[in-house]
Amino acid sequence: MMAMKRGATIDGLEAVYRLRFREFCRVAAAITGEESSGADAVHEAFVRAISSRDSYRADAPLEAWVWRIVTNAALTRRARPGFEDEARQEAAVESESTPSDELGLRAWVKELPERQRLAIFLRYFSDLDYRGIALVLGVEVGTVSATLSAAHASLRKMLKEVPR
Amino acid sequence: MIDADSLLNDELGRVFPYPNVQPDWAAVLSDVQAMQQGRRRTGKSRSPRRLALIAVVVVVLCAAGSALGIGIAQRLDRPAAWHGMINDWLSDGRIDGTYSCGTTREAIRQLNHARITPAAEPFRRYERVACR
């Protein structure tokens, strides 16, 4: 969607922002581990996307390009020194409203290798197809398929091992 | 066998709900503007187009100096005020110094003569204040 010959327009980016804001925030929050930093990452990502919009090439969908910037912003935010402590404090505040998780999916996701975790979030929280996910992760489509298969196998193993 | 895909489709969204945040496009644009202004101040975002413009201005200024019959060495000792004003603008795209109405008008005349239109607006704005 929103493919252009060269460079993205601010109108195009605004359309993607308004269209996918909730999904961007959900994935970013899942990566960083808490809501507010996820929203901050999305904000940062769009500032970056507008500033570097000339570097967008229409050989990929604009939305996939933006997803890549959003996931990178969230990963960068999570990697900042002192982030773990801040996130722990935020998580403590948010814990009252955290949904129940009888299957232990949160812990399972947390233990996944980085690429599997990102693939899972993009597969289930964005409307991207495998090609789109491949563009975001910078891998081949076949690798996305293999990554998700490995994650599914890991989930099945976890569910068999953990007594419920 | 557990259908992991279906299970994740059903459960993952519940475990990771949508954050309760509202979009704020105006804030994004505001931060972009602030960032761009910051870059202009530090002069880090000089594009090739801007560098080309600077080169043209420098050539024009040298030509103007020669046309007036003033030696380059003499100009380096005592640069014309309008010249200094244009250099001020060239450094970061803003006019930070204080210049008289006459200097401003001479700078505009020189710029018009050289047909350097991107500079027109900041100099006109400055003129409106300096020549009140």
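What is the mean pLDDT of chain A, and what share of its residues reach 70 or more? This is a predicted model, and its chain A has a mean pLDDT of 85, with 85% of its residues at 70 or more.

**View 1. Chain A is built from helices**. Count them up and you get eight helices and zero strands. Start at the N terminus and the elements read α-α-α-α-α-α-α-α. Chain A has 164 residues, and 39% of them are buried. Take the contacts in chain A with a separation of 6 or more: 71% of these link residues 24 or more positions apart.

**View 2. A look at helix α2 of chain A (residues 35–51)**. With 17 residues at 1.5 Å a residue, this helix should span 24 Å, and its end C-alpha atoms are 25 Å apart, which agrees. Since 13 of the 17 residues of α2(A) are buried, the helix is largely enclosed by the rest of the structure. Confidence in chain A is also highest here, at a mean of 94.

**View 3. Helix α4 of chain A (residues 83–94), where confidence is lowest**. The mean for this helix is 61.

**View 4. Where chain A meets chain B**. Here 28 residues of chain A are in contact with 22 residues of chain B. The largest share, nine residues, comes from α1(A). Sorted by class, this side of chain A has 16 nonpolar, four polar and eight charged residues.

Definitions and conventions. Residues numbered from 1 in each chain as written. Chains lettered and ligands numbered in written order. Predicted model: local features only at pLDDT ≥ 70, side-chain atom pairs only at ≥ 80, totals over all residues. Helix = DSSP H or I, 4+ residues; strand = E, 2+ residues; numbered from the N terminus. Expected span 1.5 Å × (residues − 1). Buried ≥ 20, exposed ≤ 12 C-beta atoms within 10 Å, placed from the backbone. Contact = placed C-beta atoms within 7 Å. Nonpolar A, V, L, I, M, F, W, Y, C, P; charged D, E, K, R; others polar. pLDDT = per-residue confidence, 0-100.
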